[in-house]
Amino acid sequence: MTVLAISAVSKETHHFYSILGGAMIKMASRGKTETSKLKQNLEEQLDRLMQQLQDLEECREELDADEYEETKKETLEQLSEFNDSLKKIMSGNMTLVDELSGMQLAIQAAISQAFKTPEVIRLFAKKQPGQLRTRLAEMDRDLMVGKLERELYTQRKVEILTALRKLGEKLTEDDETFLSANASAVLSQFEKVSTELGSGDKVLALAGFDVEKAKK
């Protein structure tokens, strides 16, 4: 995808917010069917943003440094807007907090740059520990046969293990050791703050922390 195509997707995304924002807040006050539709709409929007990030990384060599940074900044700003929409939707509605808290944590991880792999962010947001473990096994094989560089493998494995832990999955002793040895300072801070806040309505307080951090 070219930078122009990514920019077009960016404009589409802003248009999506203007049309869907009010409808989402109305749906948030209704029953199970509406909640399910709301969650589907949010997941589809997150998929668009993650695809935008992935496309940007894939065409990085075609862009100069300024184009890349500007386009990435725009995408992170859209994630911040999405995060703000989630806060409004979830405010005072514990059912939605339970349903969407994982998605919000994943978005905050992306905004703060604690997570950099769109596929991992997407699976984290959708609470898919089985698929995360499958992806990790595929990465192990790719590393062994030389299809994946060690540095990239380490970054992605750390993200997957952190996501699994946030989703309540039990890690092996080896995985815990690997995570402790390789987690970046940004990811460690994200892990610390989100753990201290816990789940439920307390997770909303993390949003402002990560958005402000991303703006600095």
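How many aromatic pairs does the count come to here? The count comes to 3, and keep in mind that this is a predicted model.

**Aromatic rings**
- Phe115 and Phe124 make a tilted pair, sitting 5.6 Å centre to centre with 35° between the planes.
- Both of these residues, Phe115 and Phe124, are buried.
- Tyr153 and Phe178 pair up edge-to-face, because their planes are at 75°, over the 60 degrees that this label needs; their ring centres are 6.5 Å apart.
- Since Tyr153 belongs to helix H7 and Phe178 to helix H8, this pair ties together parts 25 residues apart in sequence.
- Tyr153 is buried at 5% relative accessible area, and Phe178 is buried too, at 16%.

**Where H4 meets H5**
- Helix H4 (residues 94–111) and helix H5 (residues 118–125) have axes that come within 7 Å and cross at roughly 160°, which means H4 runs roughly antiparallel to H5.
- On the H4 side, Gly102, Met103, Leu105, Ala106 and Ala110 do the touching; their partners in H5 are Ile121, Phe124 and Ala125.
- Sorted by class, this contact has 7 nonpolar residues, 1 polar and no charged ones.

**The largest nonpolar core**
- This core has 45 residues, and Leu42, Leu46, Leu79, Met103, Ile107 and Phe115 touch the most other members.
- Helices giving it two or more residues include H2 (32–58), H3 (65–90) and H9 (185–197).
- H4 supplies the largest share, 10 residues.
- Leaving aside residues up to four places away in sequence, Ile107 touches Leu46, Leu79, Phe82, Asn83 and Leu86.

Key: Residues numbered from 1 in each chain as written. Predicted model: local features only at pLDDT ≥ 70, side-chain atom pairs only at ≥ 80, totals over all residues. Heavy atoms only, no water. Axes fitted to C-alpha atoms, helices over the stretch in contact; angles between N-to-C directions. Helix = DSSP H or I, 4+ residues; strand = E, 2+ residues; numbered from the N terminus. Parallel < 35°, antiparallel > 145°, perpendicular 65-115°, else oblique. Contact = heavy atoms within 4.5 Å. Nonpolar A, V, L, I, M, F, W, Y, C, P; charged D, E, K, R; others polar. Core = buried A, V, L, I, M, F, W, Y, C linked by side-chain atoms within 4.5 Å. Buried < 20%, exposed > 50% of the residue type's maximum accessible area, 1.4 Å probe, protein only. Phe/Tyr/Trp six-rings, centres within 6.5 Å; stacked < 30°, edge-to-face > 60°.
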